[in-house]
Amino acid sequence: MRGRKLALLGMALVCLAGCGETAVPAGGGAEIPAEAPKYVALTFDDGPRRDTTARLLDGLRQRGASATFFLLGEQIAGNEDLVRRMAAEGHQVGNHSWSHARLQGASRAAVDSEIGRTDALLRRLLGEGTYWVRPPYGLLDPQQRAWFTVPLVHWMVDPEDWRLRDADKDVAAVLRAVKPGDIILMHDTVPASVDAALRIVDTLQSQGYTFVTVEELLHLAGVTPEAGVMYRSATVSAA
Ligand code: ZN
């Protein structure tokens, strides 16, 4: 899986460097105009949860789809194998605070504690790395963003799956709204959301979409991620 994804990234970089110029294929036949590549990032908050997250990982692996998981530190005990599996299978692992505390309006010490505790645990489990942050509820005061040393992730498509708990409605809400470059918010703690996410992967893959991590999504769009900037899609960051 890693190899496939690296090859994909390599191809995209080559294309940025000038696919437009190579109009004549080596075989000399008529060129079929290639559709622009369509990338999208599924993100899952509030896990890991033993049964639902494992089922989601199985389904993503079967489909060759990558995703990003924003984990709650307090959910990790007893699920360390799932966290290692996420990283080993090419998914991006991020930080959703320790206890889902609302960080907006909180003191710097409180934010440092909620984020730092989960960051330290992820480093212990997965090694040194940059564990991007999605604040609970996606909320931070603009001046709080400067406290972060990693990129922040919001979303463009929110089916409110945690509230609907209905796979048909989740699928319809995402398919109605999604476009290339979007970051989609879902929750791997809800059984219906896992069903919906795998159906969304099947449908969008059949439409030519490739599922990548948030980090890959920005890289493919030529965006250099910056600490303290809140990204909503490949091209949009929060004001
Ligand atoms: Zn959450």
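Predicted model: local features only at pLDDT ≥ 70, side-chain atom pairs only at ≥ 80, totals over all residues.
Residues are numbered from 1 along each chain as its sequence is written, and side-chain values use heavy atoms, with hydrogens and water left out.

Let's start with the strands. When I say helix or strand, I mean DSSP runs, H or I with at least four residues for helices and E with at least two for strands, numbered from the N terminus. Strands count as paired if DSSP finds at least two bridges between them. β1 and β2 pair in parallel over 4 bridges, with F44 opposite F69 of β2. β2 also runs parallel to β3, again joined by 4 bridges. Going from β2 through α3 to β3, the chain makes a right-handed β-α-β crossover. Right-handed here means that, with the strands pointing away from the viewer, the path from the first strand over the helix to the second runs clockwise. β1, α2 and β2 form a right-handed β-α-β unit too. If you want bridge partners to click on, F70 goes with G94 and L71 with N95.

So how enclosed is β2? I'll call a residue buried under 20% relative accessible area, exposed over 50%, and partly exposed in between, using a 1.4 Å probe and protein chains only. 5 of the 5 residues of β2 are buried, so the rest of the structure largely encloses this strand. A67, F69 and L71 sit on one side, T68 and F70 on the other.

Next, α4. This helix covers residues 108–126, so 19 residues, and spans 26 Å from first C-alpha to last, close to the 27 Å expected. The expected span is 1.5 Å times one less than the number of residues. Its buried residues include V111, I115, T118, L122 and L125. What do the buried residues of α4 pack against? β2, α3 and β3, with contact meaning heavy atoms within 4.5 Å.

Now the metal, which I know you're waiting for. The zinc ion has D46 (OD), H96 (NE2) and H100 (NE2) as protein donors, lying 2.1 to 2.2 Å away. Donors are N, O and S atoms within 2.8 Å of the metal (3.2 Å for Na, K and Ca), and water is not among the atoms, so sites may look incomplete. Along the chain the spacing reads D-x49-H-x3-H. H96 is buried, at 1% relative accessibility.

G47 and P48 are joined by a cis peptide bond, omega about 0 degrees, and P48 lies in the loop between β1 and α2. S97 has a positive phi of about 85 degrees without being a glycine. S97 sits in the loop between β3 and α4 and is buried, with 0% relative accessible area. Y137 has a positive phi as well, near 65 degrees, in the loop between α4 and β4. Buried or partly exposed, this Y137? Partly exposed, at 48%.

That's my tour, thanks.
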